[in-house]
Amino acid sequence: MTTENQRKHQRIRSLNLSYICLDENNNIVKQGMGRTLNLSESGILLETHFPIELEYLVLLTIALKEDLLEIKGKPIHARSIETGEFEVGIEFLEPNQDSIRLLENFINEDA
């Protein structure tokens with residue numbers, strides 16, 4: 001049995017990042033640093049020290065070599081892992097063309 005990759009976008013490992021979580025009234029409820037486990041044009045899987053609730057909006061600042069990408073996203077899944085850390089899958093929301101181009105260039109260079 002063969003396992004075919006059915007992902008829409010290629011995933012790559014990346015760098016550290018900072019995040020800010022906003023509630024429904026755009027109040028900051030949490031902020032911290034995380035580690036990018038993988039990154040694609042449509043989202044990111046990150047490791048955090050604290051859980052990020054699925055109802056929050058997340059503002060991310062991701063270091064991509066010499067560039068900083070600022071992008072917002074919505075958590076779509078989260079789980080605790082054996083180390084006591086948390087893995088959070090975040091789907092990017094409304095990325096602008098510059099953000100998409102920066103992601104594409106970074107992913108293609110790393111591939």
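Predicted model: local features only at pLDDT ≥ 70, side-chain atom pairs only at ≥ 80, totals over all residues.
A salt bridge here is a side-chain nitrogen of Lys or Arg within 4 Å of a carboxyl oxygen of Asp or Glu.

**View A. R35 and E47 join up across two strands.** The side chains of this pair meet in a salt bridge, with N and O at 3.3 Å. R35 sits in strand β2 and E47 in strand β3, so the bridge ties together parts that are 12 residues apart in sequence. R35 counts as partly exposed because its relative accessibility is 34%. E47, at 17%, is buried.

**View B. K72 reaches E94.** Here's another salt bridge, this one with its closest N and O atoms 3.5 Å apart. It links distant parts of the chain: K72 belongs to strand β5, while E94 is in the loop between β6 and α1, 22 residues apart. K72 is partly exposed, with a relative accessible area of 31%, and E94 is exposed at 67%.

**View C. D98 and R101 pair up within helix α1.** Their side chains form a salt bridge at 2.9 Å, N to O. The two residues are about one helical turn from each other, because they are three residues apart in the helix. D98 counts as exposed, at 54% relative accessibility, and R101 as partly exposed, at 44%.

**View D. K30 is a lysine that counts as buried.** Look for K30 in strand β2, which covers residues 28-39. What does the side chain of K30 reach at 2.5 Å? That would be the backbone oxygen of P51. The K30 side chain also makes a polar contact with the side chain of E53, at 3.1 Å. Setting aside neighbours within four places in sequence, the residues in contact with K30 also include Y19, I20, C21, F50 and I52.

**View E. Here is the largest nonpolar core, with 19 residues.** The members touching the most others are L39, I44, L60, I62 and F92. Strands β1, β3, β4, β5 and β6 and helix α1 each supply at least two residues. The largest share, four residues, comes from β4.

**View F. I44 and the residues around it.** Leaving out neighbours within four places in sequence, I44 is in contact with L17, T36, N38, L39, L60, I62, V88, G89, I90 and F92. Among these contacts, L39, L60, I62 and F92 are also named with I44 as core members that touch the most others.

Definitions and conventions:
Residues numbered from 1 in each chain as written. Heavy atoms only, no water. Buried < 20%, exposed > 50% of the residue type's maximum accessible area, 1.4 Å probe, protein only. Polar contact = N/O pair within 3.5 Å; in protein donor to acceptor, adjacent residues only side chain to side chain. Contact = heavy atoms within 4.5 Å. Core = buried A, V, L, I, M, F, W, Y, C linked by side-chain atoms within 4.5 Å.
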